[in-house]
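Trainee: Could you walk me through this one? I'd like to start with the strands.

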Amino acid sequence: MNKLIALFVLIFITVSCKNKGGKSDYVLPTSNGNTNKILVVIKGNDWEGKIGDEIRSVFGEHQVGLPQPETLLSVSQIDPVGFSGFMRHAKAVLILREGEKEKIAVEKNKYADPQILVYATAKSKGDLVDLIRNRGKEIIKLFKDEDVKFTQSIFNKEKLDETQFNTIKKLGISLTIPERFRLVEDTGDFLWLRQHLKSGIARGDGTNNILVYSYPLEDESKVEDNITKMRDTIGKKYIPGSKEGMHMITEQAYTPFTFDAEIDGRKAYETRGKWEVKNDFMAGPFINYTIIDKKNKRVLVFEGFTYAPSVNKRDFIFELEAIAKSLKIK
């Protein structure tokens, strides 16, 4: 009887693992690995040689706007023969191989979920070096974009009710902001939210901060040049220091970097730099998205800034980037 029951159970499990089309409904295991980290599948000799050197050079470029040197992506290596079992569950994987023609291909959720596999193929080892050198930024963007989506999906599960904020309602926008952010100020024209950061931070708690505001669009050609001036104006008005005469400004000894960007299909500028409190010792990195909203004749600004003494800040800024890129104009 027990054998008969076991047989029925086995048949049930087998049938349950098939869908109507005959394909397996096997549930993929959850991937492992943090954002901004990739696993490179390549032979050890190549990793120690020119191909590995080029990967470390391109992927190890420092992220601009951070107080301490931190790479764009953290990379680790595994030999192809070792890329099996648990190791195949890595969230972000770069696989380098030789083939008939140069190409970059993407496969998602093959061994785990969520997962992105990027295959970089070239005719020879020398060509692989050239491919990484010439198209490395393209590969980095593939991983970064996937990390943004992954982070946004997590935040969406713990999303703050944005309808409670007058500024967001007045601006007619939506943002995916995690619940751990708390309100500092909401005037209807300016919103400031703050998340406390505790782990490993000296001199008390650190913070991640979000600022949202707008101003009239008068001359589009001058918007990029006025980004620093505008953020300093906002800092003086809304972000005070501990004593009178202190407020947040753009760090004067460090010129911010500004890049072309796009938010919700609209032209924007991404600016990365450092902030400081005038006449004080507080400082840290910021990321600013200045968005041209022609339809409403305004400039929308989302800024995130971090205060986290003595610890790396790349991943904190990345979370703010993911929130900024969730912005939608209703």
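Trainee: Which residue stands opposite His-196 in S9?
Mentor: Thr-207 stands opposite His-196. One caution: this is a predicted model, where local features need pLDDT of at least 70, side-chain atom pairs count only at pLDDT 80 or more, and totals for chains, interfaces and linings use all residues. Residues are numbered from 1 along each chain as its sequence is written, and side-chain values use heavy atoms, with hydrogens and water left out.

Trainee: Which strands does S9 join?
Mentor: Strand S8 (residues 190-197) is joined to S9 by 8 bridges, and the two run antiparallel. Strand S14 (residues 298-307) is joined to S9 by 10 bridges, also antiparallel. Two strands pair if DSSP finds at least two bridges between them. In S14, Val-299 is the bridge partner of Tyr-215.

Trainee: Is S9 mostly covered or mostly open?
Mentor: Mostly covered. Of the 11 residues of S9 (206-216), 9 are buried. Buried means under 20% relative accessible area, exposed over 50%, and partly exposed in between (1.4 Å probe, protein chains only).

Trainee: What about Gln-195, buried or exposed?
Mentor: Buried, because its relative accessible area is 7%. Gln-195 sits in strand S8. Setting aside neighbours within four places in sequence, Gln-195 is in contact with residues including Arg-180, Phe-181 and Glu-319. Contact means heavy atoms within 4.5 Å.

Trainee: How many residues are in the largest nonpolar core?
Mentor: It has 27 residues, and Ile-173, Leu-193 and Val-212 are among those with the most contacts inside it. A nonpolar core is a set of buried Ala, Val, Leu, Ile, Met, Phe, Trp, Tyr and Cys residues joined through side-chain atoms within 4.5 Å. Helix H7 (314-324) is one of the elements that give two or more residues to this core. H7 provides the largest share, 4 residues.

Trainee: New topic. What is the strand order in the open sheet of 5 strands?
Mentor: The order is S2-S1-S3-S5-S4, with mixed pairing. Strands S2 (74-78) and S4 (103-108) are the edges, each pairing on one side only. S2 is joined to strand S1 (residues 37-41) by 5 bridges, and these two run parallel. Val-41 stands opposite Ile-78 in S2.

Trainee: Which strands does helix H3 touch?
Mentor: H3 (residues 50-59) packs on the sheet, touching S1, S2 and strand S3 (92-98), and its direction makes about 145 degrees with that of S3. For such angles, axes are lines fitted to C-alpha atoms, for helices over the stretch in contact, and angles run from 0 to 180 degrees between N-to-C directions.

Trainee: Which residues of H3 are buried?
Mentor: Ile-51, Gly-52, Glu-54, Ile-55, Val-58 and Phe-59. They cover an arc of only 160 degrees around the axis, so they lie on the same side of H3. That arc is of the directions from the helix axis to the C-beta atoms.

Trainee: Last one. Where is the place of Lys-297?
Mentor: Lys-297 is in the loop between S13 and S14. Its phi is positive, about 50 degrees, although Lys-297 is not a glycine. Lys-297 is exposed, with a relative accessible area of 64%.
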